[in-house]
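Thanks, I'll keep this short.

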Amino acid sequence: MRNETAPWQCRFLSENDLAQIHHTFNEAFSDYVLPSELTSTQFRHHLDVNAVDICRSVGCFDGDEMIGFSLNGFGEWNGLSTVYDAGTGVIPARRRQGVSNAMFEMMLPILSKDGIEQFLLEVITSNTAAVRLYEKLGFEKVRELALLRWDRVQETELSSHERFVIREMDTPDWPRFELFWDGKPSWQNMPDALSRVIETRCVVGAFADEVCVGYVTFSKSLGSVSQLAVDKTRRNLGVATALLKFALAKRKSDRPMQIVNLDKSVGGAMDFFENRGFSELVSQFEMVKRL
């Protein structure tokens, strides 16, 4: 779709565009609040975990140059057919020209016509221009999510009670794990998402008399934590700290460990991590729009 007042056009993408998408993704996020430069393997993992359908994602082109993109993942969220924004970006030289707005105005009616009921996304709270754009498009804030970082330079000993056994699990026991939740994980941390890339994840349980009373899931290569939860009847006994210690020791990366998209409304969660040396790196609004 060509904007007659702009020198570029928006269109749905194809697998043939993958290399160009990857290049533009890295360029668009090179100067972001959280700069990102993904390898081809890491980029493919990003697409997989977020259930991105390239053919239902959008690119903006000036001639043959991709200047912007919106990567769309598809699934269910709160019982509704949902599209998830797995990354919308514009290269630095072409920002503030209406590129993002044009991509959304093109695809939202088409996705709605295709039966998608809502659009879900996350946006960094300090990115006021993007927040205003999404609010203008009809998105509403749902909750605030935090990205926490634990820097090895500040490493301190984490104490815990040793009243249970910590061991890796071959298969996640999602039905039991969900009983431990106080809130819902974000899109990329939901069981469906983690199951798509389970070969890259380590799942560790805490067991008391062979009964799982807590668990943690984290990236094998980076150590970033996707989920950490404990049975409500076994809290304040050191279970979560022991699981965190195991994850810290098991990871294969020297990069700072991260807690990805922690729901800030979950009581005590922020205090737990901050008391163990984590600090908030950035926060995001989770936003949704009914189509």
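**Aromatic contacts**

Let me start with a group of rings: Phe25, Phe29, Tyr32, Phe43 and Phe69 make up one aromatic cluster. Keep in mind that this is a predicted model.

How many aromatic pairs does the structure hold? The count is 18. I'll take two of them.

One of these pairs is Tyr134 with Phe139, with 5.6 Å from centre to centre and 70° between the planes. The pair is edge-to-face, because planes over 60 degrees apart are put in that class. Are its two residues buried or exposed? Tyr134 has a relative accessibility of 7%, so it counts as buried. Phe139 is buried too, at a relative accessible area of 3%.

Next come Phe273 and Phe278. Their ring centres are 5.5 Å apart and the planes meet at 80°, so this pair is edge-to-face as well. As for burial, Phe273 is at 5% relative accessibility and therefore counts as buried. Phe278 is at 4%, so it also counts as buried. The cut-off behind these calls is under 20% relative accessible area.

Now to charges over rings. Which ring has Arg56 over its face? That is Phe74, and Arg56 lies 3.6 Å from the ring centre. Then there is Lys141, whose charged end is placed over the ring of Phe285, at 4.2 Å from the centre of that ring.

To recap: two edge-to-face pairs, Tyr134 with Phe139 and Phe273 with Phe278, then Arg56 over Phe74 and Lys141 over Phe285. That's my part.

Key
Residues are numbered from 1 along each chain as its sequence is written. This is a predicted model: local features need pLDDT of at least 70, side-chain atom pairs count only at pLDDT 80 or more; totals for chains, interfaces and linings use all residues. Side-chain values use heavy atoms; hydrogens and water are left out. Rings of Phe, Tyr and Trp (its six-membered ring) pair if their centres lie within 6.5 Å; planes under 30 degrees apart count as stacked, over 60 as edge-to-face and the rest as tilted. Buried means under 20% relative accessible area, exposed over 50%, partly exposed in between (1.4 Å probe, protein chains only). A charge sits over a ring if NZ of Lys or CZ of Arg is within 6 Å of the ring centre and within 35 degrees of the ring normal.
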